[in-house]
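Hi there,

Here is the structure I promised to pass on. Have a look at it first, and my notes follow below.

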Amino acid sequence: MLLVAVVLMPLLFTGAGAQRPSPVPVVATLHKLQFLESGTHTQLVLTLSRSPEALVVQDEPGKPMTLSFKADSAPGDFPQNRTFNQPNLKGVFIESRNGRIQIFVKRVLPGSVTLTRQNARLTLNMPHLLSQSGTSDKASKPDQELAPGIQHRLLMERLPAGPVRVNVLEIDPQNPSVTITPALASNRMGAKANVAAMVAGNQAVAGINGSFFKQDKGIPLGILIINQELISGPIYDRVAMGITPNNEIVMDRVRLGGEVLLPDRRRVAIHTINQPRVKSNQTVLYTTRWGKQAPPVPQDGLQILIRQDRVAAVSQTESLSIPKDGMVLSGPATPEMLALGSMNPNIPVSLNVYTLPDWSGMKHAVGGGPWLVRNGTPYVDLQAQHFTSRSLGSREPRSAVGVTAQGKLLLVAVDGRHKDVSIGMTLYEMAHLMKKLGAVNAMNLDGGSSTQMSVYGRMINRPSAGSIGVSNALIIKTAPTDTASNPSAPLPVK
C-alpha cells in the first residue's frame, strides 16, 4: 500500500515594520492531506485542527467534488494545488475565502464516493469502478467463432477520457482440437518477430504478445516453459500463467531455486536460468537456449562450464562457449563457486532445479505481471513485483491474460496512443475490464508498443508503433492435443 503525506501550511502576511499580530483563532484549519492507494480504491484523508463546523459537500456530475467548512477570517488566502497521477485522483485545490475553507477534489472516474467523518478527520473513499466509468458497445463487431473452441469479439469501451478499442479472444482449453502454447521468435533466445509472423510461422489460428523482454536483445524477462522445457527462469518472483497437462489454466507468483551439489555436501545456489543478472550476488545458469556464448564474466566473478555432469572449463576473464551438451554457471567468486571450479573433472556433480510452487509438471508457462485480478477481486501489486510506480496510473496500450470461473482462457489486447480512436487504459482500468469480462484471475502481459493480436497471420488490433518485433507470443492452434506429460517429471533444462 502506498502512503504519501503532503503537509499544507497557511501563509501569514504582515506589513513592513509592523508588529506581528496575535494569532487569529480559527475554528478549523487543514493540517495534513494524505492519500492511500489500495489497488481497488483511492482514499483521500484530510486531517483538520478540530472537528469542522457547518460542513457542506457538493458532488455534481462533470464538476470537481467540493467540501467546505466554517473558519474564522484569516489574513490573506492560502491557495494550495496538488496534482496526482492516481487512477481516480487528478488533483486537490484548497483555498480560504469568506470565512470558509474550500477543498476541491478532481477525480478521474465518476461514481459513488463515500465520506467518513471521524472527529477532526475526513476520509473520501473513491473506488476504481470501470463499470461506472464507461459502457461497452458490442455492436461494433458480433462474436465470431474463429475455430471450434476459439471465439473473438471486438468491444468499444467509452471512458470519460475517451474511447478504448478492445479485442478479446476467448478460448476453451478443454476443447480437444485446441492447443495453447507460448512460442519464441526463433529456436534460440535473442531474436524478435511480430506476433503475426509467429502466428503464421506456427500455422496457428491466433495469438497475442507474451512476456516482457530485454529490448536490445530480445531476451524474455520472466519464466517461460514450452513443452515442459524450462527455457528461462522468473525474475522478482513475478506472477505467471501455467498450463497443466490436463489443459487447466493456473496463475501464481513463481520463484526458482536450484543448486549444484558438491561431493563434500556444499552447495552452489542457482538463482535463475537464462536471465540477465539483476543482483550482484546472483548465480545464473545459461543453456544453449541463451545462445552459443555466455554473457560477459561478472566483475570479480567467474564462469564454470558443466558438461556431462562434470566441470569442463573455468574462466574468470573471457565468457565461455555453451556446447549443446553443456551449461555455464556465471556468478560471484564465492567459496562454493571456487570449490566447484577447482574440482577434478573426473568427479561428477549433481544439478537440481525446481520452482516454488512446484511447477515441475507444468506443460507450458509464460511470465508477466503485475496481478490484475486475484481470486475474483481486482488487485494490482506493482511494488511487490518490482514494477516502477510511474506505471501506476499511466494510460497505455495493454495486453492481458485471464481465466474465467468456467476455465475459459481470455486474451485481451487494448489499443492505445491513438487519439480519438483508442486512448488506452491504466492498469486499474485494465483490472476492472478483466473482471468485467469474467476473469477470476488475470495478469498483465507486456504492453505499450508490444501490444499485438493476430488472427490467421493478420494483425487485428492497431499497435501503437506498428508491427515491431517481440520476443515471444502466446499462440492458439487447432491441432491434436499434445501427448500428456508425466506430471511428476522434473523440469528438463537443455
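**What turned up**

Strands β19 (residues 224–226) and β31 (residues 364–367) are paired antiparallel through 2 bridges, where strands are DSSP runs of E of at least two residues and helices runs of H or I of at least four, numbered from the N terminus, and two strands pair if DSSP finds at least two bridges between them. Across this pair, isoleucine 225 faces alanine 365 of β31.

A word on the source: this is a predicted model, in which local features need pLDDT of at least 70 and side-chain atom pairs count only at pLDDT 80 or more, while totals for chains, interfaces and linings use all residues. Residues are numbered from 1 along each chain as its sequence is written, and side-chain values use heavy atoms, with hydrogens and water left out.

Both strands belong to an open sheet of 5 strands, ordered β20-β19-β31-β21-β22 with antiparallel pairing. Because β20 (229–232) and β22 (249–253) are at the edges with a single partner strand each, one side of each has no neighbour in the sheet.

Elsewhere, β32 (residues 371–374) pairs antiparallel with β36 (residues 439–444) over 2 bridges, and tryptophan 371 has methionine 443 in β36 as its bridge partner. Strand β32 is also joined antiparallel to β33 (residues 377–378) by 2 bridges, with arginine 374 opposite threonine 377. In that hairpin, asparagine 375 has a positive phi near 55°.

Finally, helix α4 (residues 427–436) is largely enclosed by the rest of the structure, because 8 of its 10 residues are buried (under 20% relative accessible area, 1.4 Å probe, protein chains only). Among them are Tyr428 and His432. Just after α4, glycine 438 adopts a positive phi of about 110°.

Best wishes

Key
Buried < 20%, exposed > 50% of the residue type's maximum accessible area, 1.4 Å probe, protein only.
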